[in-house]
Amino acid sequence: MNELERLKLIEQIERQQKIEYILIVLAFLVLLYLIFRKKKTNITVRKYDERQMLERAKGYKVGFFVLILFNVIFSVISSNGSQWISLQIANIISILIAFTAMTLYWIVNDAYLSINDNIDRALFSVGLLCLSNGINGAIRLYSDELFEIGCLSLVMSVSLLMVCIALFMKKHQLKSEEK
């Protein structure tokens, strides 16, 4: 690698870092806006009925057992010395998979949304998160920069896509039951 190529690479990395900092600041500002907007409006606290509370407790158990199962499987696979991802990334992926299992359990058993929640708003939020993580993961994998972080973003995107599909199916199930 000659000096010109090295300088171009450094310049490209600095440009990407500036974009990342701008996106972090923008996300922080949006979060602040949402927090202050919530304080100004009188938004009620989520309320679940007794059945939903019991199903949510069962969902926590499902998530916990999925977490344990993933960690056991990962330990067995990597015990022979073939570790294809770092332990930190594997832990984060196990948490994502456990949260996905828990959330899917809640959606299937009508315990994900509280009585006063809007399924369309949840669908929009989860879909937006899925899209942003998918784009982030694809960009990182395409640029060969931080491969593991790109994989992590794609796993999160697939996880959110599964939740989005489950919410969409639940929405159509509720519409067909109303008819």
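These legends go with close-up views of a predicted model.

**View 1. Helix α2 on its own.**
Start with α2, which runs over residues 50-78. This helix has 29 residues and reaches 42 Å from its first C-alpha to its last, close to the 42 Å expected at 1.5 Å a residue. Look for its buried residues: Gln 52, Glu 55, Arg 56, Gly 59, Gly 63, Phe 70, Phe 74 and Ser 78. What do they pack against? The buried residues of α2 pack against α3.

**View 2. Helix α2 meets helix α3.**
Here α2 and α3 pack at an angle of about 150°, and their axes are 8 Å apart. That angle is over 145 degrees, so α2 is roughly antiparallel to α3. The crossing of α2 past α3 is right-handed. On the α2 side, the residues that meet α3 include Tyr 60, Val 62, Val 66, Leu 67 and Asn 71. On the α3 side, look for Leu 87, Ile 93, Ile 97, Met 102, Tyr 105 and Trp 106, among others. Sorted by class, the contact of α2 with α3 has 16 nonpolar, 5 polar and 3 charged residues.

**View 3. Helix α3 alongside helix α5.**
Now follow α3 to another partner, α5, which covers residues 147-178. These two helices pack at an angle of about 5°, with their axes 10 Å apart. An angle under 35 degrees counts as roughly parallel, and therefore α3 is roughly parallel to α5. From α3 the contact draws on Ile 89, Ile 92, Ile 93, Leu 96, Thr 100, Thr 103, Leu 104, Ile 107 and Val 108. Among the residues that α5 brings are Glu 148, Leu 152, Met 156, Met 162, Val 163 and Lys 170. The residues of this contact divide into 15 nonpolar, 3 polar and 2 charged.

**View 4. A closer look at Thr 103.**
Thr 103 sits in α3, the helix of residues 87-108. Is Thr 103 buried or exposed? Its relative accessible area is 11%, and the cut-off for buried is under 20%, so Thr 103 is buried. Leaving aside neighbours within four places in sequence, Thr 103 is in contact with Tyr 112 and Val 163. Val 163 belongs to the α5 side of the contact between α3 and α5.

**View 5. Helix α4 and its buried residues.**
Helix α4 takes in residues 119-142. With 24 residues, α4 reaches 34 Å from its first C-alpha to its last, close to the 34 Å expected at 1.5 Å a residue. Buried in this helix are Ile 119, Ala 122, Leu 123, Val 126, Cys 130, Asn 133, Gly 134, Gly 137 and Arg 140.

**View 6. Helix α4 crosses helix α5.**
The axes of α4 and α5 come within 7 Å and cross at roughly 155°. The two helices are therefore roughly antiparallel to each other. In this pair, α4 passes α5 in a left-handed crossing. By class, their contact has 19 nonpolar, 8 polar and 4 charged residues.

**View 7. Glu 5 in helix α1.**
Glu 5 lies in α1, which spans residues 3-40. Glu 5 is partly exposed, with a relative accessible area of 44%. How far is the C-alpha atom of Glu 5 from that of Ser 132? They are separated by 31 Å, with the two residues 127 residues apart along the chain.

Conventions: Residues numbered from 1 in each chain as written. Predicted model: local features only at pLDDT ≥ 70, side-chain atom pairs only at ≥ 80, totals over all residues. Heavy atoms only, no water. Helix = DSSP H or I, 4+ residues; strand = E, 2+ residues; numbered from the N terminus. Expected span 1.5 Å × (residues − 1). Buried < 20%, exposed > 50% of the residue type's maximum accessible area, 1.4 Å probe, protein only. Contact = heavy atoms within 4.5 Å. Axes fitted to C-alpha atoms, helices over the stretch in contact; angles between N-to-C directions. Parallel < 35°, antiparallel > 145°, perpendicular 65-115°, else oblique. Left-handed = near helix turned anticlockwise from the far one by under 90°. Nonpolar A, V, L, I, M, F, W, Y, C, P; charged D, E, K, R; others polar.
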